[in-house]
Amino acid sequence: MTANSPYEQPSGHAPQSSQEARVRTLETQVQALAEAVRALSRGLEQPPSQDTRLPEEAARGARLAHEILLAQDL
């Protein structure tokens, strides 16, 4: 192909739509990771005014975080 070919991409540059798709994928993954971290932190927090069972809540938070990550193929 010649340098002026419409089918040739400049070296080192992906098509714009491919870059946009990668950014959207990364944004989705970051949101899923943030949800998983929130689920873990909620499971580990123990408000002083409440009588909660920390081990059960921690396990529940860990399960939820795991499910979130699995749902996003992470």
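Reader: Hey, which helix does Arg63 lie in?
Author: Arg63 is in helix H2. Helices here are DSSP runs of H or I with at least four residues, strands are E runs of at least two, and numbering starts from the N terminus. The model is predicted, so local features need pLDDT of at least 70 and side-chain atom pairs pLDDT 80 or more, while totals for chains, interfaces and linings use all residues. Residues are numbered from 1 along each chain as its sequence is written, and side-chain values use heavy atoms, leaving out hydrogens and water.

Reader: New topic: how much of the chain is buried?
Author: Of the 74 residues, 11% are buried. Buried means under 20% relative accessible area, exposed over 50%, and partly exposed in between, using a 1.4 Å probe and protein chains only.

Reader: And Ala36, is that one buried or exposed?
Author: Ala36 is buried, because its relative accessible area is 4%. Ala36 sits in helix H1.

Reader: What does Ala36 touch?
Author: Leaving out residues up to four places away in sequence, Ala36 touches Ala65, Ile68 and Leu69. A contact means heavy atoms within 4.5 Å.

Reader: How far apart are Ala36 and Gly61?
Author: In sequence, 25 residues; in space, 8.4 Å from C-alpha to C-alpha.

Reader: And what share of the contacts with a separation of 6 or more comes from residues 24 or more positions apart?
Author: Such pairs make up 48% of those contacts in the protein chain.
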